[in-house]
Amino acid sequence: MIHEYDVVVIGGGIAGLYTALTAAENVKVAVISKVHVTRSHSVSAQGGIAACLGNEEEDHWEWHMYDTVKGSDYLADQNAVEVLAKGAPNAIYKLENIGVPFSRNAQGKIEQRRFGGHTKNFGEAPIKRACYASDRTGRAIMDTLYDRCLQKGVKFHNEIFIQHLLFALNNCCGAIGYDIAMSTPQVFHAKAVVLATGGCGKIYKTTSNGYASTGDGFALALDALLPLEDMEFVQFHPTGIYGLGILISEAARAEGGVLRNGLGERFMERYAPTLKDLAPRDIISRAILKEISDGKGVYGKDYVYLDLREIGKERLNQKLPEITSFIQTYLGIDPSEKQIPVAPTCHYIMGGIPTDIEGHVLADKAGNVLPGLYAAGECACVSVHGANRLGCNSLIDLVVFGGRTGLSILKEINARIVQPISVQAESIVTDKISSLIESKGVECIAVLRENMQLLMTEQCSVFTNGQALEQTLLVIRQLKKRASNVGLANKSRIFNYELQEALELNNMLRIAEVIVYSALQRKESRGAHFRSDYPERNDEQWLKHTFINETPTGLKESYKPLAKGRFMLEKRSY
Amino acid sequence: MKVTFKVHRFNPEIDKEAHYDSFTIEIEPNDRILDCLNKIRWTQDSSLAFRMSCAHGICGSDGLTINNQSALACQKLVKDYDYFKEIVIEPLKYFEVVKDLIVDLNPFFERIKSINPIEVSNPTIDELEKERTQTIEERNRFDDALKCILCGCCYGACPVMTEQDQEFIGPAAILREQRYIFDSRTTAVNERLQILKKPHGVWGCKSYFMCTVVCPKNIKVTEAILRTKKKIIQEQSKVSNRRETGGN
């Protein structure tokens with residue numbers, strides 16, 4: 001089936017919906033999602049969205065910019081960070097104006113709270129910069145955007161798994177996938193295509209990400225011979241529920257929660273004397289694992305405690321109701337009485353598909369744009385997060401750059417010529433599906449996936465080193481080979497999730513290889529990328545962005561200079 | 001320990017009618033029901049079809065009927081049930097079953113769409129107000145409704161929907177409208193009340209309280225519906241008072 005639109009957005013999270021909403025001014029826009037709309041992982045965002053509104057205390061965009069640049073361990077492009085920090089307040093006002101139900105302070109203004117790495121006056125002390133809707137900020141924004149998109153006539157195509165981008169004369173002119181319900185090809189023909197496909201946390205065993213976060217957009221980009229930027233920078237959030245990986249927002253520490261080791265010590269005081277438990281995530285995750293490796297985990301095990309008891313029952317229910325409730329559900333613990341076992345969990349991909357600050361996808365490190373293709377959100381790399389993202393900066397990234405992407409589409413769409421799509425487009429997908437369903441392969445998807453997830457979590461997470469990376473790269477390549485020989489027991493064409501998981505596994509293994517390969521090349525430690533064989537930041541050699549391309553002879557790296565700006569390099573201490 | 005799950009099966013490609021399959025798996029009392037379903041799918045029968053996404057009760061994908069009551073598979077643990085007996089897993093009631101545990105959610109999302117008046121316009125960047133203020137009390141009036149994750153559990157539990165009026169707009173749609181009607185910033189309150197006054201609208205609710213009982217987010221759904229009904233009556237009496245006094 002062929003669907004005709006002006007704009008097709010792949011991915012229905014906040015970046016996708018905000019781009020769609022912005023572009024939907026007399027323009028036919030469709031949002032395509034692998035899950036149902038409102039199920040994308042943006043709904044899991046808990047704590048807040050950063051902007052220097054100054055509703056609680058004095059704040060300036062320069063302070064926000066400084067924190068973001070320092071948080072990124074100086075790898076972010078400062079022109080992009082400036083756009084983010086300057087544009088954030090208006091983005092929040094726009095969200096408020098379309099109906100997002102932010103929590104309010106006593107003056108009736110949007111309430112703000114502290115968050116990791118956000119400071120006043122260039123690092124002096126924590127600042128209240130995070131706007132929020134209790135601890136359901138993502139859900140609240142998503143629901144509002146969904147309703148507004150419906151009012152604007154945005155069309156939703158649910159449960160469609162996109163497999164290929166379509167190009168004609170070096171222009172992106174659509175995408176093709178299949179509907180999960182019937183496994184029939186679905187062709188989307190458009191003047192502009194937006195990738196808003198999120199991240200790939202499911203490459204790791206322990207992750208805060210949902211099942212749908214399998215890096216599909218990254219794989220689409222690689223298929224289109226596009227580079228991926230800075231993929232070695234994978235964020236591990238310090239406070240995942242031990243064992244489950246479910247996220248407990250930094251908001252818990254912003255409201256007064258503290259981390260304690262097995263001896264009951266507030267160990268963050270030793271690692272970040274000024275910001276303590278509100279230091280950036282990479283620093284806290286390393287601190288937790290250091291405590292554990294020093295034998296100071298709880299009962300000598302591989303977790304520490306998050307102590308929310310000081311916050312008190314009433315305030316927990318008021319400020320952190322969602323977290324309080326799922327801690328009760330999954331651990332049977334009342335956080336006002338007992339401490340919560342936590343450990344780092346894979347959370348966010350700082351790298352991604354390189355874009356400029358208007359959302360155009362870059363075809364190469366020289367900055368050439370690929371006409372008709374845009375990207376926004378976690379799958380994109382602008383880069384505002386550099387080597388480590390600050391909490392609350394992802395939601396604001398989605399809205400600021402989602403909005404800019406929508407506006408550039410609006411500006412450019414009328415001048416864009418509709419390119420014809422090849423008549424064979426459908427067969428790309430039908431062949432792919434048939435060959436998997438009819439495969440006589442013997443490998444089991446669940447086994448390969450578990451191997452990959454364990455390997456990545458054990459070897460390539462908060463700490464890694466050259467030897468581990470080399471070993472992992474070999475195994476990932478073996479797993480890739482084995483994955484080309486999977487066999488499906490399920491031959492059905494209706495809701496065949498085994499088929500979907502086979503395709504997702506291929507995507508994840510490709511991205512895992514890129515992550516490990518990128519990390520192996522970068523012989524330094526910066527932000528979330530920490531190599532025990534190169535434990536120091538090396539600005540002379542590595543203050544540059546990694547670009548990785550898939551080529552017929554394997555992955556190839558190249559490097560792009562940084563966009564420097566007003567803030568000079570500093571030693572990163574908190 | 002070993003636990004047996006009796007799972008609703010229906011494959012439209014081969015089955016004329018639904019049947020049940022039993023699967024016995026090795027699991028722990030603290031495992032989520034969703035973990036159990038995944039274990040079945042990954043180790044015993046890869047054709048078992050069910051939806052999932054976030055796996056911690058915020059995306060709303062895995063609403064099912066577990067031991068005859070609507071619930072989220074990722075929010076219920078094995079120990080929440082009597083696991084010495086078979087745990088029965090079925091699709092959400094009310095909806096048409098497409099395959100195994102998957103239902104057609106279109107009627108649900110169509111209703112969510114239907115409560116959205118098209119007239120409401122979005123401010124463009126040039127029309128931006130800085131920020132509209134709202135007191136904490138005003139914000140609290142619709143706070144409970146914001147917890148809704150559109151899982152559809154309330155539709156599967158509502159006796160009006162399942163037994164009396166298939167066309168009933170349903171608890172989640174009314175709840176979402178309540179969220180806007182009680183938001184001090186909403187300009188189209190009257191239009192929204194009109195939508196709910198239509199046949200099969202808010203007056204279809206007979207206060208069985210089943211939506212409240214099953215709601216995975218513990219929302220007081222029935223109370224929100226009753227508050228909406230009260231609001232409609234209040235607005236009507238305002239209008240008739242104006243008519244009687246000749247004012248406007």
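Student: Where is Pro216(B) found in chain B?

Tutor: Pro216(B) is found in the loop between helix H8 (210-214) and helix H9 (221-245) of chain B. Keep in mind that this is a predicted model.

Student: Is Pro216(B) buried or exposed, and how do I read that?

Tutor: Count the C-beta atoms around the residue; 20 or more others within 10 Å make it buried. Pro216(B) has 24 other C-beta atoms within 10 Å, so it is buried.

Student: Which residues is Pro216(B) in contact with, leaving aside neighbours within four places in sequence?

Tutor: For a contact, the C-beta atoms have to lie within 7 Å. On that basis Pro216(B) touches Gly57(B), Ala71(B), Leu72(B), Gln75(B), Cys151(B) and Cys153(B). Take Cys151(B): it sits 65 residues from Pro216(B) in sequence, yet their C-alpha atoms are 8.7 Å apart in space.

Student: How is chain B divided into domains?

Tutor: Domain 1 covers 2-103 and domain 2 covers 106-245. Their C-alpha centres lie 31 Å apart.

Student: How many residues does each domain put into the contact?

Tutor: Domain 1 of chain B brings 15 residues and domain 2 of chain B brings 13. On the domain 1 side, strand S3 (63-66) and strand S4 (69-72) of chain B each supply at least two residues. S4(B) gives the most to that side, with four residues.

Student: What is the side of domain 1 of chain B that touches domain 2 of chain B like by class?

Tutor: Sort the residues as nonpolar, polar or charged, and that side has seven nonpolar, seven polar and one charged.

Technical notes: Residues are numbered from 1 along each chain as its sequence is written. Chains are lettered from A and ligands numbered from 1 in the order in which they are written. This is a predicted model: local features need pLDDT of at least 70, side-chain atom pairs count only at pLDDT 80 or more; totals for chains, interfaces and linings use all residues. A residue is buried if 20 or more other C-beta atoms lie within 10 Å of its own, exposed if 12 or fewer, and partly exposed in between; C-beta atoms are placed from the backbone. Two residues are in contact if their C-beta atoms, placed from the backbone, lie within 7 Å. Domain bounds come from an automatic or database domain assignment. Ala, Val, Leu, Ile, Met, Phe, Trp, Tyr, Cys and Pro count as nonpolar, Asp, Glu, Lys and Arg as charged, and the others, Gly among them, as polar.
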